[in-house]
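Work through the exercises below with the coordinates open. Try each task before reading its solution.

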Amino acid sequence: MSAPKIKFCGITREQDAELAVSLGAWAVGMILWPQSPRAVTVDQAAALAALLKRRAESVGVFVNPTLEELAETADATGLTILQLHGQEGPQFCIEAARRTGCKVIKAARVHSLADIQALAAYHTDFHLYDSYKPGVPGGTGETFDWELAAGRGRVAPPKRKGLRVPLILSGGLTPENVGDAILVVKPWAVDVASGVESAPGVKDGGKMRAFAAAVAATVPAADPVGEPEAGAGEIDARDEVMNSSGIHPSEHAA
């Protein structure tokens, strides 16, 4: 089992983006909602996306944008993923992906199980659970009841329709609590912004490193050498059949 992937969000500075990549971040998020204390301009987002090109996903975070705004911004910046954090509907998300060629994360502010269930209508590339706070679309720095999301997260990105959507867990995560959050929710990825900052939009390198280390530490230690795992003999036997005949037993059932 591998550790969840990491998305560092609310990035405003190139040095923070570089550190995120060096720590193995899967994605880096830039806030393109002007009312956020971590907001960046389109030009800043373009510079950050160019820096990240082919090294990490460039995520633009929006709140109730128009389709025209998304298309223009994606074209001007080179974003690879759109994160929609407002009241965008399922059809809007589909059209946003079609117009921009970007993958889409649909975020939900989790106040109850109903908020999670409502996301089932969104056939986007990823779902993101964030904390609920009245009047605040995200970035609250507060956690929510992780038990609401228990067991909903660790799945591979879908390759065909009908598979569960990978879950990104957000909301008040820090180096101190992310391990517990992963244990409960088992997300595909975790998202952090204020939990690794010294000020809004200014990341703390030590906290970023501690967060990445805490995520990596959730991977169970390898079994001692010389003690075969349960069922290992059965696997070895199958491998011997495959090596001698060139056909794996599972292929006979195809």
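Predicted model: local features only at pLDDT ≥ 70, side-chain atom pairs only at ≥ 80, totals over all residues.

**Exercise 1. Helix 1 against helix 7**

Task: At what angle do the axes of helix 1 and helix 7 cross, and which residues make the contact?

Solution. Take residues 14–22 for helix 1 and residues 205–216 for helix 7. Their axes come within 10 Å and cross at roughly 20°. Angles under 35 degrees count as roughly parallel, so helix 1 and helix 7 are roughly parallel to each other. The crossing of this pair is right-handed. Now list the contact: Asp16, Leu19 and Ala20 come from helix 1, and Gly205, Met208 and Arg209 from helix 7. Sorted by class, the contact has three nonpolar, one polar and two charged residues.

**Exercise 2. Helix 3 against helix 4**

Task: How far apart are the axes of helix 3 and helix 4, and what is the handedness of the crossing?

Solution. The crossing of helix 3 and helix 4 is right-handed. On the helix 3 side, take Leu67, Glu68, Leu70, Ala71 and Ala74; they meet Phe92, Glu95, Ala96, Arg99 and Thr100 in helix 4. The residues of this contact divide into six nonpolar, one polar and three charged.

**Exercise 3. Positive phi**

Task: What is the phi of Arg54, and what is the phi of Lys186?

Solution. Begin with the background: most residues other than glycine have a negative phi. Phi of Arg54 is near 65°, a positive value. Arg54 sits in the loop between helix 2 (42–52) and strand 3 (57–62). With a relative accessible area of 76%, Arg54 is exposed. Phi of Lys186 is near 55°, also positive. Lys186 is in the loop between helix 6 (178–185) and strand 8 (189–192). Its relative accessible area is 41%, so Lys186 is partly exposed.

**Exercise 4. Pairs separated in sequence**

Task: Is Pro166 buried or exposed, and how far is its C-alpha from that of Ile105?

Solution. Locate Pro166 in the loop between strand 6 (126–131) and strand 7 (167–169). Its relative accessibility is 0%, so Pro166 counts as buried. Pro166 and Ile105 are 61 residues apart in sequence, with their C-alpha atoms 9.6 Å apart. Repeat for Leu113 in helix 5 (residues 113–118). Leu113 has 34% relative accessibility and therefore counts as partly exposed. Between Leu113 and Ala149 there are 36 residues of sequence separation and 8.0 Å from C-alpha to C-alpha.

**Exercise 5. The whole chain**

Task: How many helices and strands does the protein have?

Solution. The count comes to nine helices and 10 strands. Of the 254 residues, 44% count as buried. Among contacts with a separation of 6 or more, residues 24 or more positions apart account for 55%.

Terms used
Residues numbered from 1 in each chain as written. Heavy atoms only, no water. Axes fitted to C-alpha atoms, helices over the stretch in contact; angles between N-to-C directions. Helix = DSSP H or I, 4+ residues; strand = E, 2+ residues; numbered from the N terminus. Parallel < 35°, antiparallel > 145°, perpendicular 65-115°, else oblique. Left-handed = near helix turned anticlockwise from the far one by under 90°. Contact = heavy atoms within 4.5 Å. Nonpolar A, V, L, I, M, F, W, Y, C, P; charged D, E, K, R; others polar. Buried < 20%, exposed > 50% of the residue type's maximum accessible area, 1.4 Å probe, protein only.
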